[in-house]
Amino acid sequence: HIALPAVAALSTTLGVRVTPAKTAEDLRQAAQAFAVAFWGDEVSDESLRSELVRQHQRDMDERYGELVGARRLSSRLLVARDESGGILGLVGCELAVVDASKCCVFPRKRGEAIFNDALAAMGGRQRNELRKASLPVLAEALLPASACVMPVLSNLAVLPAGRRKGMGRTLCTEVEAVVRGWTEREGQPMQLLLQVEANNEPARALYSSLGFSELWTQSDAEASKIVEGRLTAGTTTLITMAKDL
């Protein structure tokens, strides 16, 4: 488990503080805020909104919730709140297994399973030799040649009250600070990845202005959609972008 640097408060002129989500209640509130920011006026039905919140909370629990036992792939959800405690925005950062040959960023559970399966296939002596190894050493020993561990920015969302104030840019900068802490600790340079839907022009413009460039495009990525007032499974085109840090 990689220790994370402290997250500093934003400028006091904004009256905003960014802190890591630490409890189940923090994640529940973040899921509610994400549903509002992401879906907006598209959802008016209360039961559908509740279903979306539950879906986002399950995703955040898997990405950022505490696990039983040690985790190899660290993650952190940062939440920006105003002076009254209301959420203005949020953003996540997680270490993920990435296989460039398959244009794939594996979800956390799958990434952990790849490490566990590779360790289980080894003999006892080999496992003991890797017991206290750093994450880069483990990745080199256990992952396929085409795969590596990279930090991924995810779940960026800014609520209406926080928009047009540079909140998205500030949250991305906070994530970069976390990743630089990982880089210093592990003693090797890292690229920060993110994935964005191709039709999300404002987000793509923000990321490009921050120095991210396109790596690959996936045209059949799974995505939830609202069709005739119902949540359905569909597909979307995802662009994976990267920035050297």
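Is the crossing of α1 and α2 right-handed or left-handed? The crossing is right-handed. Here, a crossing is left-handed if the near helix is turned anticlockwise from the far one by less than a right angle, and right-handed if clockwise. The model is predicted, so local features need pLDDT of at least 70 and side-chain atom pairs count only at pLDDT 80 or more, while totals for chains, interfaces and linings use all residues. Residues are numbered from 1 along each chain as its sequence is written, and side-chain values use heavy atoms, with hydrogens and water left out.

Two packed helices are described by the angle between their axes and the distance between the axes. Helix α1 spans residues 24-39 and helix α2 spans residues 46-64. Helices (H or I, at least four residues) and strands (E, at least two) are DSSP runs, numbered from the N terminus. The axes of α1 and α2 come within 8 Å and cross at roughly 125°. Axes are lines fitted to C-alpha atoms, for helices over the stretch in contact, and angles run from 0 to 180 degrees between N-to-C directions. The α1 helix is therefore oblique to α2. Angles under 35 degrees count as roughly parallel, over 145 as roughly antiparallel, 65 to 115 as roughly perpendicular and the rest as oblique.

Contact means heavy atoms within 4.5 Å. Residues of α1 that meet α2 include Leu27, Phe34 and Trp39. Their partners in α2 include Leu52, His56 and Tyr64. The residues of this contact divide into 12 nonpolar, three polar and three charged. Ala, Val, Leu, Ile, Met, Phe, Trp, Tyr, Cys and Pro count as nonpolar, Asp, Glu, Lys and Arg as charged, and the others, Gly among them, as polar.

A second pair is formed by α3 (residues 108-120) and α5 (residues 135-142). Their axes come within 10 Å and cross at roughly 65°. This makes α3 roughly perpendicular to α5. The crossing is left-handed. Phe115, Ala118 and Leu119 in α3 meet Leu135, Leu138, Ala139 and Leu142 in α5. The contact has seven nonpolar residues, no polar ones and no charged ones.

The largest nonpolar core holds 44 residues. A nonpolar core is a set of buried Ala, Val, Leu, Ile, Met, Phe, Trp, Tyr and Cys residues joined through side-chain atoms within 4.5 Å. Buried means under 20% relative accessible area, exposed over 50%, partly exposed in between (1.4 Å probe, protein chains only). Val97, Phe115, Val149 and Tyr207 touch the most other members. Helix α6 (residues 167-186) gives the largest share of this core, seven residues. Another core, of 23 residues, lies apart from it and includes Ala33 and Ile226.

Val178 is in helix α6. Val178 is buried, at 4% relative accessible area. Its C-alpha lies 9.7 Å from that of Pro151, 27 residues away in sequence.

Ala242 belongs to strand β8 (residues 230-244) and is buried, at 3%. Beyond its neighbours within four places in sequence, Ala242 contacts residues including Leu192, Phe212 and Leu215.

Cys103 is partly exposed, at 28%. Asn155 is buried, at 13%.
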